[in-house]
Amino acid sequence: MLIDSTIAQAYCAGEDLDNFRRSWLFERASIASDLGRNVFTAPPEEETVRETVRTLEARIRTAVKRFVPVNRPIWDALFPDWQTLQPTLDLIVGFPAPYDAITARAPDGQVHLIFDLVQWRNHAALENLDAVIRNLLTHEITHLLIGHRYPEVDAAQESKDYRTRLDAYTFHEGFAHILSYQATEIDRVDRYTPQLTGAAAASRAKLHRALAETDPDRQKQFLEEAVCGPYYEKFACMCGMLYLADRWETQGIDGLQSAFADYHQRALSIRI
């Protein structure tokens with residue numbers, strides 16, 4: 001993995017960031033974050049924040065060098081060529097909250113992972129910071145690998161057709177969440193906690209309401225709530241993840257491979 005920390009290092013050195021304001025990172029991220037505008041947001045000028053960014057950059061660089069994805073056996077099955085890809089990880093500042101980690105396509109067509117280290121600063125003091133980094137790398141690289149296998153599902157996330165877009169969110173986020181959940185191997189996850197069982201019922205009910213919605217304004221709100229907000233309330237993410245968890249529990253890795261191969265055949269959202 002290649003790391004470009006030009007923007008983060010400029011910030012730490014106290015340089016004027018206006019030179020980066022028009023970077024594709026902030027223009028293209030407007031699409032990925034669905035904000036529809038250049039997302040550049042001036043970061044705090046406090047030296048304590050800069051010091052935290054320096055610490056995070058060093059920890060992330062170390063984590064990348066020894067990175068092994070969560071649930072590697074599933075990665076090997078779904079993405080057999082994953083080790084041949086060399087994504088670029090951009091360590092930046094300048095995203096608005098809550099965008100700490102996204103993927104976005106550069107003008108040359110290459111997909112980049114982008115981590116905003118100011119938005120990461122709440123993680124800096126965590127004892128499990130290395131697990132958090134591994135979790136987010138697994139999650140975001142899964143998105144990259146899905147797009148590599150199915151460019152059409154990336155395109156579908158920007159579709160003007162509401163149901164196409166909602167299904168693409170459910171497919172993309174379902175796989176990214178199940179492979180990275182709590183940086184824990186899938187056979188060690190307790191799927192029957194009150195938190196997850198509650199999320200399953202609420203998210204499935206909301207997805208069914210969303211699929212039936214015809215009002216454009218309500219559709220726009222559903223699309224936002226599908227992937228944004230508190231973790232267990234992002235209903236497309238939860239529905240996709242928990243549907244795939246059911247497939248794994250009954251059929252193992254073969255079930256996940258089958259669900260992944262089904263993208264061309266049946267919409268994931270209507271199978272839930």
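Modeller: This is a predicted model. Let us begin with an open sheet of four strands, in the order β1-β2-β4-β3 and with mixed pairing.

Biologist: Why are β1 and β3 said to stand at the edges?

Modeller: Strands β1 (2-4) and β3 (101-105) each have a single partner strand, so one side of each is left without a neighbour in the sheet. On average, neighbouring strands of this sheet are turned by 25° against each other, direction ignored.

Biologist: What makes β1 and β2 a pair?

Modeller: Two strands pair if DSSP finds at least two bridges between them. Three bridges join β1 to strand β2 (residues 88-92), and the two run parallel. Within this pair, I3 stands opposite L89 of β2.

Biologist: Which helices pack on the sheet, and what do they touch?

Modeller: Helix α3 (residues 47-65) touches β1, β2 and β4 (111-116), and its direction makes about 170° with that of β2. Helix α5 (residues 129-149) also packs on the sheet, where its contacts are β2, β3 and β4; its direction makes about 155° with that of β4.

Biologist: What makes you describe β2 as largely enclosed?

Modeller: Five of the five residues of β2 are buried, so the strand is largely enclosed by the rest of the structure. Both of its faces are covered: T88, D90 and I92 are buried on one side, L89 and L91 on the other. In a regular strand, side chains alternate between the two faces of the sheet.

Biologist: How are β2 and β4 joined?

Modeller: Five bridges connect β2 with β4, and these strands run parallel. L89 has L113 as its bridge partner in β4.

Biologist: How do you know that the length of α3 agrees with that of a helix?

Modeller: At 1.5 Å a residue, the 19 residues of α3 should span 27 Å. The end C-alpha atoms of α3 are 28 Å apart, which agrees.

Biologist: Which residues of α3 are buried, and why are they placed on the same side?

Modeller: The buried residues of α3 are V49, R50, V53, L56, E57, I60, A63 and V64. They cover an arc of only 145° around the axis, which puts them on the same side of α3. An α-helix has 3.6 residues a turn, so residues three or four places apart point the same way. The buried residues of α3 pack against β1, α1 (6-12), β2, β4 and α5. On the other side of α3, T48 and K65 are exposed.

Biologist: Why is L136 called buried?

Modeller: L136 lies in helix α5. Its relative accessible area is 13%, and buried means under 20%; L136 is therefore buried. Not counting residues up to four places away in sequence, L136 touches D100, A101, F115 and W120.

Biologist: What makes F67 buried although it lies in a loop?

Modeller: F67 lies in the loop between α3 and α4 (72-78). The relative accessible area of F67 is 17%, which is under the 20% limit and therefore counts as buried. Leaving aside neighbours within four places in sequence, F67 is in contact with W75, R134, L137, T138 and I141. F67 and M1 are 66 residues apart in sequence and 9.6 Å apart in space, C-alpha to C-alpha.

Biologist: Which residues touch the most other members of the largest nonpolar core?

Modeller: This core has 88 residues, and I60, F79, F115, L117, W120, L166 and F171 touch the most other members. Its largest share, 13 residues, comes from helix α10 (residues 235-261). As for F115, its contacts beyond four places in sequence are I60, L89, D90, L91, I92, D100, A101, W120, L136, L137 and E140.

Key:
Residues are numbered from 1 along each chain as its sequence is written. This is a predicted model: local features need pLDDT of at least 70, side-chain atom pairs count only at pLDDT 80 or more; totals for chains, interfaces and linings use all residues. Side-chain values use heavy atoms; hydrogens and water are left out. A nonpolar core is a set of buried Ala, Val, Leu, Ile, Met, Phe, Trp, Tyr and Cys residues joined through side-chain atoms within 4.5 Å. Buried means under 20% relative accessible area, exposed over 50%, partly exposed in between (1.4 Å probe, protein chains only). Contact means heavy atoms within 4.5 Å. Axes are lines fitted to C-alpha atoms, for helices over the stretch in contact, and angles run from 0 to 180 degrees between N-to-C directions. The expected span of a helix is 1.5 Å times one less than its number of residues. The arc is that of the directions from the helix axis to the C-beta atoms.
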